[in-house]
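Here is a quick tour for someone opening this structure for the first time. Have a look at it, then read on.

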Amino acid sequence: LRFAALSNTAVHRQLVAVNGFQLFRTGGSRKPQLKVTHLSSSNELEIGWDSRAGLLYNLRSKVDPSAGLPGSWPLFGEFENIAATPPRNTVTFPLPPGKKRFFVVEEFLPPPVTVYRDDFESAVSDWETGSEEDDGTLWELGAPNHIFGPLAAHGGVNCWGTNLTADYASNAVVFLKSPPIDLTSAGAQATLKFFQFVEIENPTDKGLVRVLDASDGSVLGLMQDDINGLGVDWQETSLLFPPTALGKVVRLEFRFQSDAVGEFAGWYVDDLEVTVP
C-alpha cells in the first residue's frame, strides 16, 4: 500500500506493519529507521524515527487510511510541531483502542522567522558606505531622481542607489555594508530577500553581494556575482546564505565596480529582509 507525497515540504512515507499497527517509512534515497514498540508494562505505544536538526515533526493518525491523503489526517493528540532531537525522536502514549490504526510522521521546515528587515524609510542607521577607487560614485539613501533609473523606490519613498540623481562614474569601487545581522539561530538555512533595479554596463561593470564576518570583516562567502544588464523594473531577488555564514553574526556587503568607460544609471536596492531557516 502506497500513498502520494504529502506535499513539497513533507516527507513521503511507505507503509510498514509492526505489531498490528502501521506507520510510514521514508521513501527515496534517505531511509531512516522507524520503530514502533509496545511497552507491555505500561500498555503504551512508543514510536521513534530518525530526525534532522532544524526540522519539525507532526504525528498524524487515522483508523481508515483510505479517507484522504496522509497529509490531511488529523493530528494525533498533542504531537504537533515536535522539535528534532537528533539523531532520533521518540514519542510515547497510551495504547489506542482497536486492532488497527495508521500513523504517519510528517517532517517539515519551520516557518520562516524574520531576523532582520529594513525598508530604508528611516535614517541611515548603522549602514556603512565607502569608496575604494576614483571619486564620483557613492551609495546614497533617498528618493531616486534620475531619468534613466527607477521612477521611484520599490516601496515607500527611499532606497539605496549608486548615485540617486546621476549615472555612476568610471573606475568606481563602492560598497554598502549592513549593520550586524544575527544568524546564530540559523541551523540549516537562512535566506536574503531584497528588491533591486539594475542598469549596469554588461559585462565590464558589475555588482556583487558578499557576506562578511561582523567580528573582523573577513569574507565568508559570495552570494551573487556579475549583477549587470539593463533592467526595466524592480525585481525581487532571493539568495541563500552560504553554510560558512550560518551560526554567526554577519554583515551584508553590496559591492559595485565599474571600468574606465561607459556610465549607466547604476544599482538600486530596496525592501531587504533576512529570514531563518
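## A first look

Of the protein's 277 residues, 47% count as buried, meaning under 20% relative accessible area with a 1.4 Å probe and protein chains only (exposed is over 50%, partly exposed in between). Keep in mind that this is a predicted model, where local features need pLDDT of at least 70, side-chain atom pairs count only at pLDDT 80 or more, and totals for chains, interfaces and linings use all residues. Numbering starts from 1 along each chain as its sequence is written, and side-chain values use heavy atoms, leaving out hydrogens and water.

As for secondary structure, there are 21 strands and zero helices; these are DSSP runs numbered from the N terminus, with at least two residues (E) for a strand and at least four (H or I) for a helix.

| Strand | Residues |
|---|---|
| β4 | 44-50 |

Five bridges join β3 to β4, and L39 stands opposite E44 in β4.

Now the rings: the structure holds 14 aromatic pairs. The centres of the F120 and W127 rings are 5.3 Å apart with planes at 80°, so this pair is edge-to-face. Pairs of Phe, Tyr and Trp (its six-membered ring) need centres within 6.5 Å; planes under 30 degrees apart are stacked, over 60 edge-to-face, the rest tilted. Both F120 and W127 are buried.

Key
Pairing = 2+ DSSP bridges.
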